[in-house]
Amino acid sequence: MIEIELSRAAPWPERDWTVLAEMAVRAAVRRTPFGELLTTAALVEVSVRLAPDEEVRTLNRQYRGKDKPTNVLSFPMVQPDLIETVSQNTDDGELLLGDIVLAHGVCAREAVERGVTFDAHATHLIVHGTLHLLGYDHLTDDEGDAMEAIERDALADLGIADPYSINED
């Protein structure tokens, strides 16, 4: 069972972001070989932090050596090859998959640039972040292509257009 632990800071507007985050995380997991995490008896927790740009900038500088905000950061807590084993053999039946942090200003600016809604872009970033928690990356063209294909499929499941075909003229 997937559970979202969500925290929000201004300037993110006050509303129930948990529903959006849960849909995005579930769609991403469903499209991977880790789909059984959706039905496992273990509690699979994903932390989602909706943060101001400055907070994300600090984290990006601290953990990636880049002194600027970025749209999404992911902090996996389990190595991908251990996810199945851990979910089946945890002492307390819980698996902390990791943390996802979104930057409000970057997300808002990118949504406008791409001509998509803020919610659609935030959903995309949570899908993207979830895939990073599951071990996916985009360091090479092949890895990036595989990750983008999963993102496209997960977002299509949610009725969201392909984010990689928007405004690419």
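What share of the contacts in the protein chain with a separation of 6 or more comes from residues 24 or more positions apart? Such residues account for 68% of those contacts. Keep that in mind as you go through the views below, which come from a predicted model.

**View 1**
Welcome to the overall picture: the protein chain has 6 helices and 4 strands. Read from the N terminus, the elements run β-α-β-α-β-α-β-α-α-α. The radius of gyration is 15 Å, close to the 15 Å that the globule rule gives for 169 residues, so the chain is as compact as a globular protein of that length. Along the principal axes, the C-alpha atoms fill a box of roughly 45 × 30 × 30 Å. Of the 169 residues, 44% count as buried.

**View 1. The surface and its charges.**
Among the side chains, 14 are positive and 32 are negative. The centres of these two sets lie 7 Å apart. Side chains of opposite charge can pair when their charged atoms come close.

**View 2. Isoleucine 4 in strand E1.**
Isoleucine 4 sits in strand E1, which covers residues 2–8. Is isoleucine 4 buried or exposed? Its relative accessibility is 9%, under the 20% cut-off, so isoleucine 4 counts as buried. Beyond its sequence neighbours up to four places away, isoleucine 4 touches Thr18, Ala21, Glu22, Val25, Val46 and Val48. For a sense of scale, look across to arginine 109: it is 105 residues from isoleucine 4 along the chain, and the two C-alpha atoms are separated by 25 Å.

**View 3. Leucine 50 in strand E2.**
Moving on to strand E2, we find leucine 50. This residue is buried, with a relative accessible area of 2%. Which residues does leucine 50 contact, leaving aside its neighbours within four places in sequence? They are Leu6, Ser7, Arg8, Ala9, Trp12, Trp17 and Leu102. Leucine 50 and alanine 103 are 53 residues apart in sequence, yet their C-alpha atoms are 6.5 Å apart in space.

**View 4. Threonine 70 in a loop.**
Threonine 70 belongs to the loop between helix H2 and strand E3 (72–76). With a relative accessible area of 17%, threonine 70 is buried. Neighbours within four places aside, its contacts are Val56, Asn60, Arg64, Ala103 and Val106.

**View 5. Helix H4 and what covers it.**
Helix H4 spans residues 104–114, and its buried residues are His104, Gly105, Val106, Cys107, Glu110 and Ala111. The cover over these buried residues includes strand E2 (43–51), helix H2 (53–64), strand E4 (94–103) and helix H5 (118–133). Just after H4 comes glycine 115, which takes a positive phi of about 70°.

Because they are 4 residues apart in helix H4, about one helical turn separates them. An α-helix has 3.6 residues a turn, so residues three or four places apart point the same way. Arginine 114 is partly exposed, at 29% relative accessible area, whereas glutamate 110 counts as buried at 14%.

The side chains of arginine 31 and aspartate 157 meet in a salt bridge, at 2.9 Å from N to O. This pair links distant parts of the chain, 126 residues apart: arginine 31 lies in the loop between helix H1 (17–30) and E2, and aspartate 157 in helix H6 (residues 141–157). Arginine 31 is partly exposed, with a relative accessible area of 37%, and aspartate 157 counts as partly exposed at 39%.

**View 6. Arginine 8 and glutamate 14.**
Our last stop is another salt bridge, where the side chains of arginine 8 and glutamate 14 meet at 3.7 Å, N to O. Arginine 8 counts as partly exposed, at 30% relative accessibility. Glutamate 14 counts as exposed, at 72%.

Definitions and conventions: Residues are numbered from 1 along each chain as its sequence is written. This is a predicted model: local features need pLDDT of at least 70, side-chain atom pairs count only at pLDDT 80 or more; totals for chains, interfaces and linings use all residues. Side-chain values use heavy atoms; hydrogens and water are left out. Helices (H or I, at least four residues) and strands (E, at least two) are DSSP runs, numbered from the N terminus. The radius of gyration is taken over C-alpha atoms; the globule rule is 2.2 Å times the number of residues to the power 0.38. Buried means under 20% relative accessible area, exposed over 50%, partly exposed in between (1.4 Å probe, protein chains only). Contact means heavy atoms within 4.5 Å. Lys and Arg count as positive and Asp and Glu as negative; His and the chain ends are not counted. The place of a charge is taken as NZ of Lys, CZ of Arg, CG of Asp or CD of Glu. A salt bridge is a side-chain nitrogen of Lys or Arg within 4 Å of a carboxyl oxygen of Asp or Glu.
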